[in-house]
Structures are given as structure tokens and as C-alpha cells.
Amino acid sequence: MKSQNELGRYLAVRRSRVTPRSAGITVLDRRRVPGLRREEVADLAGVSAVYYTRLEQGRARNPSDAVLDALARVLLLDPTERAHLHDLAHRGRDGRTAHRTAPPGGERGTDENGEHGAGAGGAGTRDGLKRLLAAVGAVPAYVLGPAMDVLDANGLARSLLAHPGREAPARWNLALQVFLDPAARRMYPRWEEVARQTVGFLRLSGGRRPQDPRLAEVVARLSGRSEEFRSMWSEQEVRDKTFGTKRFRHPVVGELDLAYETLALPGDEGCHLVVFTAPDPRADAALRLLGSWTAADPVGTNGTVGTVGTVGTVGTNGTNGPEERTQRHRVPPGTVDERVRPVGSVGSAGSAGSESSVVAERG
């Protein structure tokens, strides 16, 4: 990623968002600029106005941690934003900008087009992580790379985030999916919130890995194809993926809220394990229904794999209704069984799911 004067741009944007009142400054004259003036930031941080101006202009190098902490205090930065400020300032000064271009477990495999695949279920993660993903198969879980590539995922995560029954692409990137796949706006009822979280995570990751070619590739592609991404990217927001709640609208189980926890993987720089759990009985029932829908049936004589479908509805209290029964039946790959009724009011699984897709990179 291009890093020329990223620190200066970040300081200027953040300065424009701090009102004089929030900084304890009494305004006596008309102001021509939004937020604080450079000399006001310098005075509040205890540095000279000339030095701060040089910082914004990219002409001052290697500010001390004490200066950065003072600027973070004046600019009202939260811990994630403060860490990003330090990352931008320390580029080339220490090892924190070191990066890996390969996902955990060594070199990536390649798909039929020669792309270095990091897709769900691919060869991108070490065996221990694959076993871990399989062990938590009752909930969606996946390994996320620094550029938001899904390096590996269990079956329930693929069914939640991708089209049910559709084979995961060779390279599956959640950032490209959010901005370039029209189906993402149906999958995420709170699309703008998800989009801003996505941009913030890419910003934070880029500050830590400024020379990462994959990050640069993803940002360049999004910048060239999405005006909304370009607008959000210019706002210099940074966000970390730690924990929270995300709302989904799924063609099989309808609308549901899931809690997520994101764990950094020791020894796999920039990679995280993301696990979703059900925060309430309704979400739990929806996940169980989705799990039963995606469970593989024994392979038939024609080579197709069926699914386990649940006949009946999920009750409003989150428990299965009295008419529920589970039976095995054959379903052609890539189709939706009409006997599986979705939770909520999204409509039939067939009509809603037929347009859902993930963004597959093919060069």
C-alpha cells in the first residue's frame, strides 16, 4: 500500500473532527476551517506549531511515543485509533511494519487459474486450525487474513456467508463481497454499518502492514470499482474486529442476529479466528436449522450429495414446533429444498437464494 505521508493525512482528518468546544477552547472569532487549527493542536499537545505543521506535511520524521500519545489525547482517539497513529508514525523505524505475504501454515495452494488460493476449505491453513474449525462445527467459524481473505472456514460458516449449496470460490474475500456483490446488501440488513467496519479494518490492517501486496491489491480493486468505498476510505476511520453483534438475512433461515468473537492467532501474523454464536433462543434455533439443512447425506449412486432437511417451522419462542420432523432426502447440488421453510419473512428460499453469491477472483 502507498504510505507517503499517511501520517499527515490521518492527523489532518482527525483534527478536522475535533470541535473547539470539545477541546476546551473558547471561540471568539469566525473560523474558516472545521475542527481545530494546527496551532491549537500543537499548543494542546505541548509541541511547537512549526513542528506539528511539519508532521502534517510529511517533513518531520520519527515523532516520539510521548508526542504521539499527546496528539492522540488532543485528537480524542480511542485505543484502536491511537495504535493506528503509532503504526503510521513508526513505519520503517521498527519491526511492527513487518508482514507476511503467505497465510498461516506456509505457501498457499493454487487454483485452476494459477491464483494463490486462500478460499474456504482450501490449503491455506495449517492442519491444527482445520481440526479446530471442524471441532466447532456447531457454530460458524472461519480464519480471516489481513486483507479479509477467508483462508479457511467450516461448513456452517460457508452456508451462512455464501450461497447455500454453492461451492466456495478459489479466493473468497469478504471486503470484495461487501462492496462488489449486489447480494451483500440483502445478506446484511445493516449494510452501511458492515461496510464501514470493513473499511475500518482494512485501514487498521494497512497501517500495520504497509507493504502487503495483497492488501494493496484489494484496496486498489475496491477503489477502482466502488464509489462508496472511495468515500468511506477517505474518512480515515480505523476499526478493529474484536467482538460484537452482526445481523444477517439468510435465504434459508431468515433474519437473525449473531454475536462474534475475533481472536488473533499466535504465530500467524495478521490472521484471526472469527467465531459466531447465538445470543438468543431464536438465533440458536436458526443455526440448528441451517446446520441440519447443510448436513451432508451419503453420496447416492448418481454421485450427488443430498442434504438433511427439516420439515415444519421454527416457533416464535425459538423452539421447534410440534410438527417438526427430520428426514433425509436428495437435493441436487446448488438448489434449495422447498420443504425447508425459512425463519422470518424473507420469502421462499429458492427465490431469495438464487441471486446470492460471493465474489470470486479470477485474475
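User: What makes the 48 residues a nonpolar core?

Analyst: In this predicted model, the 48 residues of the largest nonpolar core meet the definition: buried Ala, Val, Leu, Ile, Met, Phe, Trp, Tyr and Cys residues joined through side-chain atoms within 4.5 Å. Tyr-142, Phe-179, Leu-202, Leu-222 and Phe-248 touch the most other members. Another core lies apart from it, with 25 residues, including Val-47 and Leu-85.

User: How do you know which residues Phe-248 is in contact with?

Analyst: Contact means heavy atoms within 4.5 Å. Leaving aside neighbours within four places in sequence, Phe-248 has contacts that include Leu-160, Met-187, Tyr-188, Pro-189 and Phe-276.

User: Why is Ala-49 called partly exposed?

Analyst: Buried means under 20% relative accessible area and exposed over 50%, with partly exposed in between (1.4 Å probe, protein chains only). Ala-49 comes out at 34%, so it is partly exposed.

User: Where is Ala-49 found, and what is it in contact with?

Analyst: Helix α3, residues 49–56, holds Ala-49; helices here are DSSP runs of H or I, at least four residues, numbered from the N terminus. Beyond its neighbours within four places in sequence, Ala-49 is in contact with Glu-39 and Ala-42. C-alpha to C-alpha, Ala-49 and Glu-39 are 4.9 Å apart, despite being 10 residues apart in sequence.

User: How many of the 363 residues are buried?

Analyst: Buried residues make up 48% of them.

User: What do the values rest on?

Analyst: Residues are numbered from 1 along each chain as its sequence is written, and side-chain values use heavy atoms, leaving out hydrogens and water. Local features need pLDDT of at least 70 and side-chain atom pairs count only at pLDDT 80 or more, while totals for chains, interfaces and linings use all residues.

Terms used
Helix = DSSP H or I, 4+ residues; strand = E, 2+ residues; numbered from the N terminus.
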